[in-house]
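Morning, everyone. Please look at the structure on the screen while I walk you through a few of its residues.

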Amino acid sequence: MTILNITQGQGYIAKIERQSFVDGEGVRCSLYVSGCPFACLNCYNKAAQNFKYGERFNNETLNEILKNCEPDYIEGLSILGGEPFCNLDVTLTCAQAFRKRFGDSKTLWVWTGFLFEYLANDQTLRIEFLKNIDVLIDGPFINHLYKPNLPYKGSLNQRIIDVHKSLENNKVVEYT
Ligand code: SF4
């Protein structure tokens with residue numbers, strides 16, 4: 001098994017932040033999943049590279065996340081890691097439940113170590129997760145490209161992508 005084949009994690013999450021002011025636009029609920037195979041040097045969340053870090057995700061967790069997203073002042077849900085695209089057992093479940101509850105009235109932002117081009121051509125359920133996302137910050141954290149205070153990202157290689165426009169145009173369209 002290679003990194004690319006890991007789509008379902010172990011069903012663990014590192015933490016939920018009820019109100020985050022930094023993980024995307026506006027006030028958001030943030031979910032950090034556990035498990036990332038990329039092992040970037042100076043990863044911002046090294047503990048969550050372990051697929052069994054934190055606590056198990058279950059229906060109660062899902063309900064808590066949806067409830068956190070309910071207030072009008074919450075703009076949406078942000079999913080970080082760990083690697084969201086290696087934890088579809090958690091992240092696709094959340095994304096689909098989030099869309100069912102809120103439609104397009106709130107936004108979904110996701111951070112990934114994969115490149116958009118790879119995900120858009122993936123033959124697994126990753127594409128289903130991608131289709132539910134509004135804004136994707138893609139690419140691994142590259143230590144020598146680190147720059148402080150970049151909005152929503154840690155290193156210069158990462159891109160902030162408008163997923164719907166990118167899928168429509170079959171090329172990356174940056175989110176503005
Ligand atoms: S992709 Fe993100 S979570 Fe995974 S090792 Fe790199 S910085 Fe850490």
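Start with Phe-38. Its relative accessible area is 23%, so Phe-38 is partly exposed. Buried here means under 20% relative accessible area, exposed means over 50%, and partly exposed is in between, with a 1.4 Å probe and protein chains only. A word on the source: this is a predicted model, where local features need pLDDT of at least 70, side-chain atom pairs count only at pLDDT 80 or more, and totals for chains, interfaces and linings use all residues. Residues are numbered from 1 along each chain as its sequence is written, and side-chain values use heavy atoms, with hydrogens and water left out.

Now the rings. How many aromatic pairs does the structure hold? There are 9 aromatic pairs. Rings of Phe, Tyr and Trp (for Trp, the six-membered ring) pair if their centres lie within 6.5 Å; planes under 30 degrees apart are stacked, over 60 edge-to-face, and the rest tilted. One of the pairs joins Phe-38 and Phe-114, edge-to-face, with 5.1 Å centre to centre and 80° between the planes. This pair links distant parts of the chain, 76 residues apart. Phe-38 sits in the loop between strand S2 (27–33) and strand S3 (55–56), while Phe-114 sits in the loop between strand S5 (107–111) and helix H3 (116–120). Those labels are DSSP runs numbered from the N terminus: helices are H or I with at least four residues, strands are E with at least two. Is Phe-114 buried or exposed? Phe-114 is buried, at 3% relative accessibility.

Next, Phe-98 and Phe-102. Their ring centres are 5.3 Å apart and their planes stand at 55°, so this pair is tilted. Both residues belong to helix H2 (residues 88–102), and they are 4 residues apart, about one turn of the helix. Phe-98 is buried, at 0% relative accessibility. Phe-102 is buried as well, with a relative accessible area of 10%.

Back to Phe-38 for a moment.

The residues around the ligand include Cys-36, Phe-38, Ala-39, Cys-40 and Cys-43. Tyr-44, Gln-49, Gly-82, Gly-113 and Phe-141 are also among them. To be near, a residue needs a heavy atom within 4 Å of the molecule. By class, that shell has 7 nonpolar, 3 polar and no charged residues. The classes work like this: Ala, Val, Leu, Ile, Met, Phe, Trp, Tyr, Cys and Pro are nonpolar, Asp, Glu, Lys and Arg are charged, and the others, Gly among them, are polar.

Where is the ligand? The ligand takes up the space of the largest pocket. A pocket is an open set of points on a 1 Å grid over the protein atoms alone, where a 1.4 Å probe fits, with protein on both sides within 12 Å along at least five of seven lines; lining residues have an atom within 4 Å of a point. A molecule sits in a pocket if more than half of its atoms lie within 2 Å of the grid points. The volume of this pocket is about 510 Å³, counted as the space filled by probe spheres set on the points, which are joined across faces, edges and corners. Its lining has 27 residues, with Tyr-44, Trp-111, Phe-141, Gly-154 and Gln-158 nearest the centre. That lining divides into 14 nonpolar, 10 polar and 3 charged residues.

Now the backbone. Most residues other than glycine have a negative phi, and most peptide bonds are trans. Gly-81 and Gly-82 are joined by a cis peptide bond, with omega about 0°. Gly-82 is placed in the loop between strand S4 (74–80) and H2. Asn-42 is not a glycine, yet it has a positive phi of about 60°. Asn-42 is in the loop between S2 and S3, and it is exposed, at 53% relative accessibility. Asn-149 has a positive phi too, about 65°. Find Asn-149 in the loop between strand S6 (135–138) and strand S7 (159–162). At 79% relative accessibility, Asn-149 is exposed.

Last stop, Ile-74. Ile-74 lies in strand S4 and is buried, with a relative accessible area of 2%. Between Ile-74 and Glu-55 there are 24 Å, C-alpha to C-alpha, at 19 residues apart in sequence.
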